[in-house]
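Dear colleague,

Please find the structure below, handed over for your records. My findings follow it.

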Amino acid sequence: MAIAAYISYLSLERKYSPHTVKAYEKDLTDFCVFCKTAYELSNIEDASYPMVRNWIVSLVEAKISNRSVNRKVSSLKSYFKFLMKTGSIQTNPLAKHKALKTPKKLEIPFSEAEMEEMLNVLPFENSFEGVRDRLVIELLYATGMRRAELINLKMQNVDVANRSIKVLGKRNKERIIPLLESTIHLFNEYFTLRKAVEKGENFQSVFITSKGNKIYETLVYRIINGYFSKVSSKVKKSPHILRHTFATHMLNQGADLNSVKELLGHSSLASTQVYTHNSIAELKKVHTKAHPRNR
């Protein structure tokens, strides 16, 4: 019952996405199974830190990456915090737990040359799907918005006249993002073609399939991966890499960190700073090329 209450809390009060809630629920269920199998413990509220530590050992021995193990333990730690908040337990067994060490995750953004080839050289079909796909790529790159934000974008939140969109981010935080002239042009072209396929309850969703249904996560991924496979040899080609590319290119061109933070919808500057490593690399090139002492 406590887990069910916690899942409702994440969904209704914390406003976590269904995907995130599902991940938390799976992590807690996995720990429940472990406690039942290893200790015949039915209520994980009674679990001790040695039990959690043995679970961690079992995950590592099962070749689960340290990053994934840390995520699972983080889910459990948050659950115990919830139990303390509701008075169900007196101490958090994970209060002093230290996360496993993980290698720094380096995500390589697309280059400006690759983006130029994608948006100005690569031909897109002059059809509903062709124009939609191009707009999806353009919008992700021009705004840095998340895939879920793009999928849930509503018609009333696109203000073509004022060249801006209203995005509903994590935990229902709204932000306004300005649009480029090229994006406005694509929106107008797309909206004209969209009228022929829009229908029913999905009428308010900006991005729809050729059958009039709301666009979905795997389709957005396939669009990005499919088109970028034609212009890039990078291993990872995903919607998140476009968000990463937006931030990196903005910083490379002189945008300040706080402005990029606001555009990305980050709650803290620390989240935005992960994108600065490429900008530092760019600064090193400029410094090496321009400084008189290097001549």
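Predicted model: local features only at pLDDT ≥ 70, side-chain atom pairs only at ≥ 80, totals over all residues.

Residues are numbered from 1 along each chain as its sequence is written, and side-chain values use heavy atoms, with hydrogens and water left out.

The C-alpha trace spans about 65 × 60 × 30 Å along its principal axes. Of the 295 residues in the protein chain, 40% are buried (under 20% relative accessible area, 1.4 Å probe, protein chains only). Among contacts (heavy atoms within 4.5 Å) with a separation of 6 or more, 58% join residues 24 or more positions apart.

The protein chain contains 13 helices and 3 strands (DSSP runs: H or I of at least four residues for helices, E of at least two for strands). The 3 strands form an open antiparallel sheet in the order β1-β2-β3, where pairing requires at least two DSSP bridges between strands. Strands β1 (158-159) and β3 (174-178) are at the edges with a single partner strand each, so one side of each has no neighbour in the sheet. Strand β2 (residues 164-168) pairs with β3 over 5 bridges, and lysine 166 has isoleucine 176 in β3 as its bridge partner.

Yours sincerely

Key
Buried < 20%, exposed > 50% of the residue type's maximum accessible area, 1.4 Å probe, protein only.
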